[in-house]
Amino acid sequence: MRLNKAASTGFLLCFLAVIFGIASNGGIHTVINFLHIPSLITTLGGSLFAVMITSDSFEDFRNGLSGFRNAFKKVEVNQCQIIDSMYLMTDLARKEGLLVLEEKSHDLPDAFLAKGISLVVDGTDPELIHDILETEMIHANDREGRQVRFWQDFGAYAPAWGMIGTLLGLVNMLKSMGSDPSAIGSGMSLALITTLYGSLIANWICIPIARKLEKKSEEEYLTREIIVEGVLSIQAGENPRIIKEKIKAIVDNKE
């Protein structure tokens with residue numbers, strides 16, 4: 001898997017910004033004071049399991065988790081490459097006929113486009129092609145939307161579970177105040193760590209990933225719309241200039 005350099009660099013720099021904030025106030029050795037496994041389990045585990053409650057199945061939950069990897073995955077084929085491939089298919093179809101596209105369809109950079117061209121070569125009715133491709137578009141968009149909602153929910157629950165952890169720590173601290181007043185400072189520190197963890201999980205991981213997945217889903221949906229229009233135009237034997245105008249209209253409308 002090729003990483004998106006901008007996304008992975010931003011993710012790392014956020015982490016370094018937190019480390020810098022800690023170190024600049026007490027030295028790098030104070031980082032250890034911010035590590036507390038029970039607080040992390042309470043915050044991360046609680047919010048993650050809360051998202052599991054909203055999932056339809058374990059498969060749905062795993063699909064949501066896989067969004068983390070997808071957010072950092074570099075897009076192998078961009079929109080311009082796909083549009084150029086469609087223009088090439090249009091020229092070939094007009095000069096040599098639709099059947100010549102069968103051999104070329106195996107070399108296309110996008111599976112959705114290859115499927116559309118294969119349907120054209122098979123002589124499928126235009127309305128049926130439209131229905132098949134649009135149904136696949138809807139399913140893909142729904143699957144991507146579930147990943148977005150997974151990370152949005154995760155980001156919403158994390159601060160709340162951080163506060164729950166803080167309240168648990170405060171209850172324990174207040175119970176020990178009478179017997180050991182010196183433990184108040186350390187108890188308050190540990191209680192607040194869960195709030196910090198909740199904010200970090202939400203604003204460093206969940207919300208940026210949800211936004212990244214949402215942007216990718218919007219771009220991929222637009223690309224699929226362009227492919228559907230292009231495939232139907234190729235089947236109809238339209239002039240490449242007309243296809244360009246149609247694609248331009250779709251892009252301009254989305255912008």
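Colleague: Leaving aside its neighbours within four places in sequence, which residues is Asn70 in contact with?

Modeller: Contact means heavy atoms within 4.5 Å. Beyond those sequence neighbours, Asn70 is in contact with Gln147, Leu213 and Lys216. One caution about the source: this is a predicted model, where local features need pLDDT of at least 70, side-chain atom pairs count only at pLDDT 80 or more, and totals for chains, interfaces and linings use all residues. Residues are numbered from 1 along each chain as its sequence is written, and side-chain values use heavy atoms, with hydrogens and water left out.

Colleague: Where does Asn70 lie?

Modeller: Helices are DSSP runs of H or I with at least four residues, strands are runs of E with at least two, and both are numbered from the N terminus. Asn70 lies in helix α4, residues 67–71.

Colleague: Is Gln147 buried or exposed?

Modeller: Gln147 is buried, because its relative accessible area is 7%. Gln147 is found in helix α8, which covers residues 126–175. Setting aside neighbours within four places in sequence, Gln147 is in contact with Asn63, Gly64, Ser66, Gly67, Asn70 and Leu213. Look back at Asn70: its contacts include Leu213 too.

Colleague: Which backbone oxygen lies 2.9 Å from a polar atom of the side chain of Gln147?

Modeller: That of Asn63. A polar contact is a pair of N or O atoms within 3.5 Å; within protein, one must be able to donate a hydrogen and the other to accept it, and residues adjacent in sequence count only if both atoms are side-chain atoms.

Colleague: Now another residue of α8. What is Pro159 in contact with, leaving aside its neighbours within four places in sequence?

Modeller: Gly198 and Ala202. Pro159 is found in helix α8. Pro159 counts as partly exposed, because its relative accessibility is 33%.

Colleague: How is Glu59 placed in space relative to Leu200?

Modeller: Glu59 and Leu200 are 141 residues apart in sequence and 27 Å apart in space, C-alpha to C-alpha. Glu59 is found in helix α3, residues 58–65. With 59% relative accessibility, Glu59 counts as exposed.

Colleague: What does Gln79 touch, not counting residues up to four places away in sequence?

Modeller: Glu219, Leu222, Thr223, Ile226 and Val251. Gln79 lies in helix α5, residues 79–96. Its relative accessible area is 24%, so Gln79 is partly exposed. Compare a residue 50 places away in sequence: His29 is 48 Å from Gln79, C-alpha to C-alpha.

Colleague: Let us read a whole helix. How many residues of α7 are buried?

Modeller: Eight of eleven, so helix α7 (residues 111–121) is mostly covered. The buried ones are Phe112, Leu113, Ala114, Gly116, Ile117, Leu119, Val120 and Val121.

Colleague: Which residue caps the N-terminal end of α7?

Modeller: Asp110 does: one of its side-chain oxygens lies 3.0 Å from the backbone nitrogen of Phe112. Just after α7, Gly123 takes a positive phi of about 80 degrees.

Colleague: Now zoom out. How many helices and strands does the protein have?

Modeller: Ten helices and zero strands. Along the sequence the pattern is α-α-α-α-α-α-α-α-α-α. Of the 255 residues, 37% count as buried.

Colleague: What radius of gyration does the protein have?

Modeller: This radius is taken over C-alpha atoms, and the globule rule is 2.2 Å times the number of residues to the power 0.38. The protein has 26 Å, whereas a compact globule of 255 residues would have a value near 18 Å. Along its principal axes, the C-alpha trace spans about 90 × 40 × 30 Å.

Colleague: Which share of contacts between residues at least 6 apart in sequence join residues at least 24 apart?

Modeller: In this protein, 79%.

Terms used
Buried means under 20% relative accessible area, exposed over 50%, partly exposed in between (1.4 Å probe, protein chains only).
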